[in-house]
Amino acid sequence: MPGTASWGARSRENLTAYTFLAPFLIIFGVFLAYPVFYSLYIALHQVPADSFDIFGGLQFVGLANFRELFTDQKFWWSVLMTLYYAALIIPSGIAVSLTLALLLNNRLKGVTVYRSAFFMPYVLDMLVVGIVWTLIYSPHVGILVRIFESVGITAFTERGFLGISGTAMPSVVLANVLKGAGFGMILYLSAIQNIDASLYEAAEIDGASGWERFRSITLPLVKPITFFMVIIGTISALNAFAEVYAMTSGGPNVDVGGKALGATWVTGYYVFDAFYNQFRLGYAAAMSYVLLALTLIVSVVNRRFLSPEY
Amino acid sequence: MEPRAAARIRRTLLYVGLTAAAIVVLFPFFWMVVTAFKQPGQAFSPEIFPSSPTLQNFRRVLTDYGFARYFVNSVIVATTAALFATLFASLAGYVFAKKRFTGRDKLFALLLASLMIPGMMYVVPQFAIINRLGWMNTYQAMIVPHLANVFGLFLMRQYMMTIPSELLEAAKIDGAGEWQVFRTIMVPLSVPIIATLFLLTFQFHWNNFLWQLIVTNLERLYTVPVGLAMFKSAHEELYTLKMAGSCISVLPIALIFFFAQRYFIEGMTMGALKG
């Protein structure tokens, strides 16, 4: 009864609560809350060209980093590539997850073994998965190129799937979809198993075919999961890094209006490149702020237009 | 007779579908293992099973290329981090589940809102903070920044809310202090979720490649994924060794998953299904 509790009991309860919370809140404050603001400070500065002392040497440059960002063709291209990544991974992720869930939604012996097999890649490291796919996608000698050759398709032989600008992004996305599908699969499976069986029975009596039952019962009733999949697909596009690092380093180059731009040059990778390879902390911080703004816009739009409870 | 035959055909088709899907999903890992056992120089031989399998690749990456050391580093980082992240999340989860205190709901909303911030956002400022603390090339740099696990806190709170408060009150009437209540009642009753969170945070830190890459540039501090990335850029052509390194990198998590998959699957999907 907080209303009737004495002031002393109340403050003792507060003291206990915050003592238990202290370790968590201190780490949260220093490493998760403060950085959001500190990042803005860094974004308004730059590391002088000749300095390795990034703290004493930070130079105030006002909005210069943001101004540069808005005229940086490489940055806008990266936003475009991020959207392209999202446009590929969202529908394919949903399709693969839902297909696996429908396959598993049957009373069969050994079905849990399949469930584990589909889920396992989700817990493994994206970097390793990317490295292995690089081997599979290799030109000339890679296993996938050889499989295509065996049916007479040699278009990929010379440069491999990651070396051709048209196939690089879909190949990166495919590796990620197959790795992550187990997660969506579990979500869809539990949603499907929550659907009242009598709905299907009634539809069957009315003469609805399998496809009609799927379209008019299953699909609408798993919509909350689909909504969630759109959100995590968007977030994974905005955060895409390890897969690009492992497989393509942002390449291969495509010619866009006379400028060479990377076919898998997503914003997450550009942030890393600006920070780690060029050591432009201020510029990378400014870019990550735009990334945050995009994330917020996307989540507002999702809530507004795609939310299951509109 | 007719419907039974139809059922059998349907069942067979389902098994074919499931098996085909499993082959596609697991093929990269199969190919990784097979290649790791091939003779050097035979990395691209198309044979499904190597004709003269060898352990030489594993031996060489572990000894000549320092993966034994990287492995120990990964174990140290992931274990320590998982222990503390789980402890902090349990303490905080208990308070959010069972205590009424000033600012509770606002604080909880703030913590949950932080989950929306893209991870890339943190790379630059966290790196700068680590530098300012003088923590570059230390274990604590790899561990400490990720010890406040908001998702873990959420899991803990959800679970601990289901433990009846009467148990806690009874213990208090018997004279138990706050810490004692937590340790002798909450912890034993929360073992499944504590185990789950330990495994999930262990997995997170084992795979926390980008951050570990950023805060270390001394070879003796490399974790397995960082060592693998460095090996990849230095020896692009040593494919069989690269695959052996990859095997070593995923083996612990694959093994843990094999024995404790229920915890993984439930823990990872719980947030999504309840939220």
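Colleague: What radius of gyration does chain A have?

Modeller: This is a predicted model, where local features need pLDDT of at least 70, side-chain atom pairs count only at pLDDT 80 or more, and totals for chains, interfaces and linings use all residues. Residues are numbered from 1 along each chain as its sequence is written, while chains are lettered from A and ligands numbered from 1 in the order in which they are written. The radius is taken over C-alpha atoms, and the globule rule is 2.2 Å times the number of residues to the power 0.38. A compact globule of 310 residues would be near 19 Å, but chain A has 25 Å.

Colleague: What does the C-alpha trace of chain A span along its principal axes?

Modeller: Chain A has 13 helices and four strands, which are DSSP runs numbered from the N terminus (helices H or I, at least four residues; strands E, at least two). The trace of chain A spans about 75 × 75 × 35 Å.

Colleague: What separates the centres of domain 1 and domain 2 of chain A?

Modeller: Domain bounds come from an automatic or database domain assignment. For chain A this gives domain 1 (1-39) and domain 2 (64-306). Taken over C-alpha atoms, the separation of their centres is 38 Å.

Colleague: How many residues of chain A count as buried, in %?

Modeller: A residue is buried if 20 or more other C-beta atoms lie within 10 Å of its own, exposed if 12 or fewer, and partly exposed in between, with C-beta atoms placed from the backbone. Of the 310 residues of chain A, the buried share is 41%.

Colleague: Which residues is A:Phe24 in contact with, leaving aside its neighbours within four places in sequence?

Modeller: Two residues are in contact if their C-beta atoms, placed from the backbone, lie within 7 Å. For A:Phe24 the list is B:Phe88, B:Ala89, B:Leu91, B:Ala92, B:Ala148 and B:Leu153.

Colleague: Which helix gives the largest share of the side of chain A that touches chain B?

Modeller: The contact takes 69 residues from chain A and 71 residues from chain B. On the chain A side, 55 are nonpolar, eleven polar and three charged. Here Ala, Val, Leu, Ile, Met, Phe, Trp, Tyr, Cys and Pro count as nonpolar, Asp, Glu, Lys and Arg as charged, and the others, Gly among them, as polar. The largest share, 17 residues, comes from helix α1 (residues 7-43) of chain A.

Colleague: Is A:Ser249 buried or partly exposed?

Modeller: A:Ser249 is in the loop between α11 (242-247) and β3 of chain A. Its phi is near 50°, a positive value in a residue other than glycine. With 16 other C-beta atoms within 10 Å, A:Ser249 is partly exposed.

Colleague: How many residues of α5(B) are buried?

Modeller: The buried residues of α5(B) include B:Met120, B:Tyr122, B:Phe127 and B:Ile130. Just after this helix, B:Gly134 takes a positive phi of about 70°. Of the 13 residues in α5(B), the buried number is ten.

Colleague: What is phi of B:Asn137, a residue other than glycine?

Modeller: B:Asn137 lies in the loop between α5 (120-132) and α6 (139-143) of chain B. B:Asn137 is partly exposed, with 14 other C-beta atoms within 10 Å. Its phi is positive, near 60°.
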